[in-house]
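Subject: Structure for you to look at, with notes

Hello,

I am passing on a structure that I would like you to look through before we talk about it. Please keep it open beside this email while you read.

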Amino acid sequence: MLDQYLKSRITDAERLVEQLQKHYDYVSVLGTCVRNKMILVSTHVNSIDEVDSECGFVIKVYKDGRYSEYSCNDIRDLKSTEVVKSVTLNQVFSSDFKVKMLEEQPHQEDYLREDPADLSDTEITKALTEVKDAMHKKDERVINFAARYMKRETSKIFVSAKKRLSQKYDWINVMQLDVVREGDVIKSNYEAEGEADSALALKKFKKHAPEVLDIALRLLKAKPVKPGKYTIITDPSISGLIAHEAFGHGVEMDMFVKNRAKAVNYVGKPVASKLVNMFDGASSCLSAASYFFDDDGVEAHNTQIIKDGILQRGISDSLSAMELGSEPTGNGRRQDFSRKVYTRMTNTWFGPGKDKYEDMVKSVKHGYLLCQTNNGMEDPKNWQIQCTASYGLEIKDGKFTGEMIAPVVISGYVIDLLSSISMVSNKVTVHGSGMCGKGHKEWVFVSDGGPYLKAEAKLG
Amino acid sequence: MMKKNEIISCIKANKKITDYELTIQDKNSRELFYVLDHLEINRAVKTKTVKIEVYVADKKTVGSSTVTVTAADDGKSLASKLNKAVTKAKQARNAYYPLPEKTENIKDKKNVKRDLNDIAGKVAKAVFKADVYKNGWINSTEIFVSEFTDEFISSKGISHTAQSFKIEVECIPTWSNKKEEFELYKFYESNKPDYRQITAEIDDILKLAKDRSNAKTLKEVDLPKDLIVLVKNDMLEVITDSISSQLSYASVFMHENHYSKNDTISDTAFDLTMKPVVPGCTGSKKYDRNGIVLKPKKIVSKGKAIAYFGDQRFGSYLKEEKISGSLPVCEVKADGVSYKKEKHLIIETFSSPQMEEDSGYWGGEVRLARYYDGKKYIPLTGFSIAGNIYENMKDVQFSEETSVLKNYKGPKYFIFRNIKIS
């Protein structure tokens, strides 16, 4: 159910829109109420907290070719004059340039997607504790095991002259971290499940726990990679990392407006092997960034970015779309109500191919299966890659040798990497547990994934 | 939003709460967002963030739970939230630790009246004063001018108030070599309006963008095998944060520490002191999240680990006599060496500095470096460096020049040998 407080402020938002329209050509009010419950069970620390919860409003206005915004906690007693006074600039440096005004179509709708499992804190804590105890029992080299359940309940309202929208949706993440120690060598491994259903997320967490610990223990013997060019197979997590960091940031169309993206010159041209298809969208699959409308009040989309290796289009927030004369794709997102909207990715993934994973492994003469996202950084202007996998498993003559390398940095030029993709597996997995920044700030929840991909890459 | 006294009354009315910590932050900011030199959007932010940490303790255990107070709350809803928090705190039990007692109360309230719109406008002018080049330009700029009032009140009688002011500028400089455009990233942060400094910093990053546009690849230069590598800026914060975290009470208690007291970190004599406030460091804080009034603590002396530091919980668990609190700034002092005549590689910017504390792996993809071949600097791009920080620190050296960053003060460059360049 939509947060009752937000519901109680819809008439206030309508009043503000009406009053501010006397001063401005466009007015909208976005209200957000996000409640985050976190249950942490670990070897040394336990807690049940409400973390990073937020509740507030942002009023957006437009006049004379410029947008202004005002963020505040409440709008009940907010006078329109206070908004006008706060956002009015007397003298400010700017060239004479007019941004276009947002155009909206009438739309009224209420959306709802709630966690079907009604689990108590006790039930969740018990599930996490059982796994923690089991992992300690399994191997005495475990020095810390942390399990974290997080349920994010998001309510939003969007009110403008033509729109009155509301949405409530839940997302659940269950994360585990195993820290193991042998002498002076310390290693860790993690896994995060993301689901719209608490019961399903906890079930997957329990199922994967032994594998996560097994990898942590194997990492104790892992060796650094000998820098060089290799045949690689990326697991769905690394495929997603490449989709997101290496390519996705470069098709965020606010970067097109700023002429900061090389991709703008490649629309309609090949950017990857013909086997590659890539998608993004809050409605492209059910995952961490699946909402019904974005922070501009635009309905969720499923955008095909790459089709058979050809770049089709980018993704955009409303303002960027206006500037570029294209349709917004429902990708306007804020970190929270006190921050600006940017074009942001949502659920970003490579589409499936026709190959079987087993055949892909068999086809590798010498290379690595790269697994588990560690981190990555974008370079949309120059398309340099920095993606780090937590570990790689050596393959020789089509078979795993048992050797592990860690960590593994993939570098090079994005188009070279995507063009080298020679096999694509037939099953897609999207991991709904990530967060993404724009530059070095503006964090939002995202997901990414894809099939297994076989390619050639520089590892270091 | 509920008033402070109403919130405290609500907390005190719940007799099951053993202790509490209340934090309130008022934020007032003005923000300007430019595409090239035209203002696309301006923003005003006026918010209050209120959090309560509720503790429920007995003789052997303690549990805590965080409550966020929002504009949606009134006395009735907050009482209900606090009741729920008590239940959660009773459920999430930990070994007992006492909360810090009052020592002194900080009242850092200056009542400075600032016109934030005016300051933001002046910052914008200072940024674009550097935008004077034919082949280089500022692609986009974000300016944040913010003032904060923070209050901390605990059931142990601690009551702190601190005010702070911050200017942040995110800037993307671009340079064209006529075939292709190249960009870099600049984040500037300061707690005083120094408009000349802003212009100088933007000018510097524009010149570095020019260097990137002329940069060569590794294949085009012949790097010697024993080349020394100099790292700076955010990588120094990543390295010192990683070293100091090995000496934190939490790492030691959880046996996740690579260093212990008396371990030699480096054969090079250097001191590392954790400090609360260092002029110019915008990460400075006078008290930590439990209200401990912070004092400097030296944790590395002459290259050897001599002490641990950290928060109340893990300090108590380790039975530390005087718990330091979570100190935010690392200050490094060391004799500097001259590197200028020797062939060397200065890493100007990484795409994102990498550090894996478990293994000590550090490095990353280099957006721009400058190689000194004995005669001149050659800009380089498109390669990576990698090392093991625990190994590399053993023979680290430091520059004579110094720098002040958000959470770091010390030598401008850490100088490393045996770094993989590929």
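Residues are numbered from 1 along each chain as its sequence is written, while chains are lettered from A and ligands numbered from 1 in the order in which they are written. Please bear in mind that this is a predicted model, in which local features need pLDDT of at least 70 and side-chain atom pairs count only at pLDDT 80 or more, whereas totals for chains, interfaces and linings use all residues.

The model scores ipTM 0.93 and pTM 0.94. Chain B has an average pLDDT of 95, and 100% of the residues score at least 70; pLDDT is the predictor's confidence in each residue, from 0 to 100.

Let me turn to the contact between the chains. Chain B contributes 61 residues and chain A contributes 62 residues, where two residues are in contact if their C-beta atoms, placed from the backbone, lie within 7 Å. On the side of chain B that touches chain A, strand β2 (residues 38-57) of chain B gives the most, with 11 residues; helices (H or I, at least four residues) and strands (E, at least two) are DSSP runs, numbered from the N terminus. That side of chain B holds 22 nonpolar, 23 polar and 16 charged residues, with Ala, Val, Leu, Ile, Met, Phe, Trp, Tyr, Cys and Pro counted as nonpolar, Asp, Glu, Lys and Arg as charged, and the others, Gly among them, as polar. Strand β4 (residues 66-72) of chain A pairs with β2(B) in the parallel sense over six bridges, and A:S71 stands opposite B:V45 in β2(B); two strands pair if DSSP finds at least two bridges between them.

The domains come next, and their bounds come from an automatic or database domain assignment. In chain A the assignment gives domain 1 (4-36 + 47-111), domain 2 (117-151 + 170-219) and domain 3 (228-459). The C-alpha centres of domain 2 of chain A and domain 3 of chain A lie 26 Å apart, and the contact takes 11 residues from domain 2 of chain A and 11 residues from domain 3 of chain A. In chain B the assignment gives domain 1 (4-209), domain 2 (215-235 + 335-421) and domain 3 (257-333).

Chain A also has an open sheet of six strands, in the order β12-β11-β10-β15-β22-β21, with mixed pairing. Its edge strands, each of which pairs on one side only, are β12 (310-311) and β21 (429-438) of chain A. Strand β11 (residues 303-307) of chain A runs antiparallel to β12(A), joined by two bridges, and A:I306 stands opposite A:L311 in β12(A).

Last is the nonpolar core, meaning a set of buried Ala, Val, Leu, Ile, Met, Phe, Trp, Tyr and Cys residues joined through C-beta atoms within 7 Å. A residue is buried if 20 or more other C-beta atoms lie within 10 Å of its own, exposed if 12 or fewer, and partly exposed in between, with C-beta atoms placed from the backbone. Of the 244 residues in the largest nonpolar core, B:V54, B:V123, B:V127 and B:I347 touch the most other members. Helix α5 (residues 198-219) of chain A gives the most to this core, with nine residues. Not counting residues up to four places away in sequence, B:I347 touches B:V229, B:L230, B:V231, B:M235, B:V366, B:A369 and B:I385.

Best wishes
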